[in-house]
Amino acid sequence: MKQNSQKIVQWILIGISVIFFLLMLVLPLFEVIYRALKDGLESYGRALTASNTLSALKVTLIATVIAVIVNTIFGVIASWLVTKFDFRGKNVLSTLIDIPFSISPVIAGLAYIMTFGRTGWAKPLIDGINDALGTDIALVFSVPAVVLATIFVTFPFISREIIPVLYAEGRDEEEAAAMMGASGFTIFRKITFPHIKWGLLYGIILCAARAFGEFGAVYAVSKARGKTFTLPLEIDALYMAGSADSITQAFAVSSLLVGMALVMLILKSIVEYRGKMKDKE
Amino acid sequence: MYVEMKDICKKFGDYEAAKNINFGIEQGKLVALLGPSGSGKTTILRMLAGLEQQDSGDVMIEGKVVNDVPASERGIGFVFQNYALFRYMTVYDNIAFGLKVQKADKQKIHERVMEMISLIGLEGLEKRYPNQLSGGQRQRVAFARAIAPNPQLLLLDEPFAAIDAKVRKDLRKWLKEMIQKVGITSIFVTHDQEEAVEVADDIIIINEGRLEQMGSPISIYKNPKTPFVAQFIGTSAILENLKGFKGYDAVPEGKKVIVRPEFVEAFKSDNKKFAGMMNAVEEGTIESVVFRGSYLELTLEVNGIRLTTNRSLERRHVDIGEKMCVLLYRVYLFDDEGAEIRKNQLLKGIDIEAL
């Protein structure tokens with residue numbers, strides 16, 4: 001009897017979840033693909049190869065790659081610091097890491113404009129650097145601005161994946177290695193890295209997925225279509241143009257983003273699975 | 001002295017883990033740091049190793065102050081409580097790690113590792129990973145890994161804590177033999193007095209960050225210097241006073257009394273061996289008889305006080321409720337100042353050890 005009622009609860013919960021997923025996730029995604037292909041493959045191809053789309057794809061990839069590299073380095077350093085050392089303000093630091101999770105991305109973007117923009121306090125500083133080096137770097141309304149905003153938003157993903165692993169592992173093995181005379185770098189390479197390998201890879205995937213899907217923060221600092229727009233911004237622009245043609249194009253570009261997301265999802269599942277298998281060994 | 005700690009103090013926030021610790025250890029000795037959990041014994045070991053920094057005082061190894069020498073350069077082998085074997089390395093690579101870090105010659109590394117593996121008797125398991133080994137095997141690998149680079153000092157943090165009781169006994173013997181074979185000065189931390197007594201040449205008793213007493217197991221056992229040691233070592237019953245016990249009239253008020261099973265003798269009234277001591281005998285009633293594997297543990301009620309004694313299985317059968325003659329050879333007296341032995345005055349002149 002008890003078994004039966006448990007079964008019923010189980011099926012009800014499964015039913016609710018499936019219906020929810022269908023309505024909220026699967027149907028809209030199918031809609032995207034359907035709309036993208038509505039006018040045939042030829043116009044789909046044209047939408048994807050439009051110069052604005054290609055430029056947006058390029059900016060997106062640049063921002064993603066740089067964000068992943070920077071955040072991997074920073075994430076590993078920060079998590080190492082937080083888990084392996086005791087120092088004043090450690091809790092503050094570990095809270096700071098999470099800030100991008102709690103602050104709306106738009107605010108992050110606006111904050112960059114306030115800091116580095118025409119009226120921002122850091123503007124003279126950047127001008128000074130540009131004068132001195134003869135460069136022409138702009139930290140707002142430019143590709144570097146898009147990169148910075150993306151880094152900001154995706155900044156906690158990697159450290160959040162590694163920190164629990166490092167905590168769970170404790171310091172014993174590192175101390176043992178240190179007692180035998182291993183240098184900090186050797187300890188990291190031989191002892192710590194094998195532990196965090198899967199967590200790190202998982203974090204990188206999440207970070208990348210988030211990086212090329214980011215809208216709010218990038219929207220605030222990127223205004224030049226065909227130059228500094230990322231894919232999500234390009235999609236928005238196409239959609240906002242309002243003509244039947246451009247809306248179809250918007251869906252075509254969207255399908256590209258969905259495809260990239262699916263690839264990431266599959267990679268993530270593989271990494272998760274392999275990580276689990278590794279642990280079982 | 002080969003290893004010395006001088007006036008070592010260490011605080012973690014408000015918690016004093018070491019209060020003015022002083023001791024010295026001779027080369028080649030196997031020493032136990034014994035104390036209840038939270039007594040600061042592990043902290044002392046970690047300060048010796050350089051894994052913790054003392055607030056004040058000097059750590060000396062081979063006559064040199066090593067306060068500023070990092071853990072990695074102190075030349076110390078360390079066996080961690082949970083072994084801390086490198087999970088992602090094989091037994092071979094675990095043992096080879098210290099030698100590889102020292103950039104030893106490949107052939108030499110191989111020879112040394114194989115020597116270690118045969119020393120610990122794990123031939124054929126060198127390709128295994130730590131999680132494919134039993135607790136006892138892991139312990140052996142941790143030992144081999146610690147001594148492979150030929151350290152001058154071996155420190156072990158609760159080396160038997162993570163192993164089940166049956167294997168622990170064998171492993172204790174094994175470890176003692178190994179350490180004697182290698183001839184390395186060793187210090188291990190334990191909370192288990194049986195372990196300390198069985199394995200160590202010398203015991204250092206630590207309580208609440210203070211060094212209570214240092215000495216050979218037998219001297220600590222026979223001559224506890226502080227109330228803590230008197231209570232901590234051996235199984236003992238603590239009594240408020242000895243009122244009414246023959247031969248202890250001169251015991252001052254206000255001192256507490258510790259009675260160990262071996263201080264108590266219980267025999268039947270017709271036992272001729274004790275005929276000369278009948279003037280010191282109290283009458284006791286057996287309350288319980290517990291079989292302890294190789295002896296019986298008797299609990300007797302004497303003058304309203306419960307005393308425990310051990311009885312050889314070779315002696316005559318006794319029953320619960322039986323009246324016995326009870327002798328109290330000696331007791332420990334202690335107050336906040338210190339502890340002393342008090343012998344039964346009525347047994348003066350009788351050679352109890354010859355019984």
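**The open sheet of chain B**

Modeller: In this predicted model, chain B holds an open sheet of six strands with mixed pairing, and their order is E6-E7-E8-E3-E9-E10. The edges are formed by strand E6 (76–79) and strand E10 (210–215) of chain B, each of which pairs on one side only. On average, and with direction ignored, neighbouring strands of this sheet are turned by 15° against each other.

The loop between E6 and helix H2 (91–101) of chain B contains B:Ala84. B:Ala84 is not a glycine, yet its phi is positive, at about 50°. Its surroundings can be stated as well: B:Ala84 has 25 C-beta neighbours inside 10 Å and therefore counts as buried, the threshold being 20 or more.

B:Asn20 lies in strand E2 of chain B, residues 15–25, and has a positive phi of about 55° although it is not a glycine. With 15 other C-beta atoms within 10 Å, B:Asn20 is partly exposed.

Chain B also touches chain A: 17 residues of chain B are in contact with 13 residues of chain A. On the chain A side, helix H10 (172–179) and helix H11 (184–213) each supply at least two residues. H10(A) gives the most, with seven residues. By class, the chain A side divides into eight nonpolar, two polar and three charged residues.

The axes of helix H3 (residues 51–84) and helix H13 (residues 231–241) of chain A come within 8 Å and cross at roughly 150°. Angles over 145 degrees count as roughly antiparallel, and H3(A) and H13(A) are therefore roughly antiparallel to each other. In this contact, A:Asn52, A:Thr53, A:Ala56, A:Leu57 and A:Thr60 of H3(A) meet A:Leu231, A:Leu233 and A:Glu234 of H13(A). The contact comprises four nonpolar, three polar and one charged residues.

Technical notes
Residues are numbered from 1 along each chain as its sequence is written. Chains are lettered from A and ligands numbered from 1 in the order in which they are written. This is a predicted model: local features need pLDDT of at least 70, side-chain atom pairs count only at pLDDT 80 or more; totals for chains, interfaces and linings use all residues. Axes are lines fitted to C-alpha atoms, for helices over the stretch in contact, and angles run from 0 to 180 degrees between N-to-C directions. Helices (H or I, at least four residues) and strands (E, at least two) are DSSP runs, numbered from the N terminus. Angles under 35 degrees count as roughly parallel, over 145 as roughly antiparallel, 65 to 115 as roughly perpendicular and the rest as oblique. Two residues are in contact if their C-beta atoms, placed from the backbone, lie within 7 Å. Ala, Val, Leu, Ile, Met, Phe, Trp, Tyr, Cys and Pro count as nonpolar, Asp, Glu, Lys and Arg as charged, and the others, Gly among them, as polar. Two strands pair if DSSP finds at least two bridges between them. A residue is buried if 20 or more other C-beta atoms lie within 10 Å of its own, exposed if 12 or fewer, and partly exposed in between; C-beta atoms are placed from the backbone.
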